[in-house]
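This report describes how two protein chains meet and then turns to a single residue. Please keep the structure in view while reading.

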Amino acid sequence: MASAAAEMDLVDILDASSGPIDIARYVDFVRDPAASAIATFEGTTRDTFEGKLVEELRYEAYVPMAARRLAAICAEARGSWPLLRLAVAHRLGTVGVGEASVFVAASAVHRAEAMEACRYLIDEVKASVPIWKKEVYENGEVWKENKEFLERRAAHHEMDPAHELKETSNGED
Amino acid sequence: MEIAGGLNDGTGEMNESKVEKSAGQDIKIKVLFFARARDLTGVSETSLEMPDGSTAGDCMRNLLVKFPSLQEIYNSMVLAINEEYAAESTLLTSKDELAIIPPISGG
């Protein structure tokens, strides 16, 4: 059952040469005659951070682990909500201002679940998928740190210093 | 919940290291550095030879000696073994891949 559901999940980690995310591909993937709703999220590069002008973002990933985590996150979402199809795409390399770095799409019979799952997927990307971005300014660059990751790390270390970062899964075997 | 090193790759390696435990053979670990960790160490990967029965934490202590600048991220980083997050107490087996994961920033 888990593997059948996995066929309805599309996870793409797009290498630096792929160009802009093909949004339509992911929306079309989740489109389903049984669905009343497709919920989507697009993460875009913004032009300023703390008053500094951002020139571009540069993304890298621990690709095999990121792919694993994304597949697991989709399975977790399925364990929490009745969903039809899911798609997550993350771009690597340089992403310019206004461009999409990540795209999430979810379809479901009812819109509430599609929207909840969409939110869950992006929140989990932020908290647990090994992808990093460097923010490049005119006169400097810095590796960003997602507060979602830091908060989860702190919570796990508080509970039990030996505790894993990975959330207890709902739907995986 | 902890993950044992070596996972289910089905090789004879795991059995071998259990049998040889009393002999204390060294295990060879591949270590990957990403993002800020790579900037701090200057390399994207290295390898470690560790005593059999070593944990991820033992490896980390070893790496901190080899690359003292890693101390800068020690309190904000996490570890992964064979592409799964792992606690410092996780035991390693030969040919495991340890990844040093500084604070992530996907999305």
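## The interface between the chains

In this predicted model, chain B and chain A bury an area of about 2800 Å² between them, and carbon and sulfur atoms give 56% of that area. Of the area that chain B buries against chain A, 27% comes from Y85(B), I104(B) and G107(B), more than from any other three residues. Counted by residue, the contact involves 30 residues of chain B and 33 residues of chain A.

## Polar contacts and salt bridges

Between chain B and chain A, 21 residue pairs are in polar contact. Four salt bridges are found across the interface of the two chains. A salt bridge also joins the side chains of E60(A) and R38(B), with a distance of 2.7 Å from N to O.

## The side of chain B that touches chain A

Several elements of chain B each supply at least two residues to the side that touches chain A: α2 (35-41), β3 (78-81), β4 (84-86) and β5 (97-101). Among the contributors, α2(B) gives the most, with four residues. By residue class, this side of chain B consists of 16 nonpolar, seven polar and seven charged residues.

## A residue of chain A: N146(A)

N146(A) is located in the loop of chain A between β9 (140-143) and α5 (147-159). Is N146(A) buried or exposed? N146(A) counts as buried because its relative accessibility is 6%, and the cut-off for buried is under 20%.

Leaving aside residues up to four places away in sequence, N146(A) touches K126(A) and K133(A), as well as I104(B), S105(B) and G106(B).

Definitions and conventions:
Residues numbered from 1 in each chain as written. Chains lettered and ligands numbered in written order. Predicted model: local features only at pLDDT ≥ 70, side-chain atom pairs only at ≥ 80, totals over all residues. Heavy atoms only, no water. Buried < 20%, exposed > 50% of the residue type's maximum accessible area, 1.4 Å probe, protein only. Contact = heavy atoms within 4.5 Å. Buried area = accessible area lost by both parts, 1.4 Å probe. Polar contact = N/O pair within 3.5 Å; in protein donor to acceptor, adjacent residues only side chain to side chain. Nonpolar A, V, L, I, M, F, W, Y, C, P; charged D, E, K, R; others polar.
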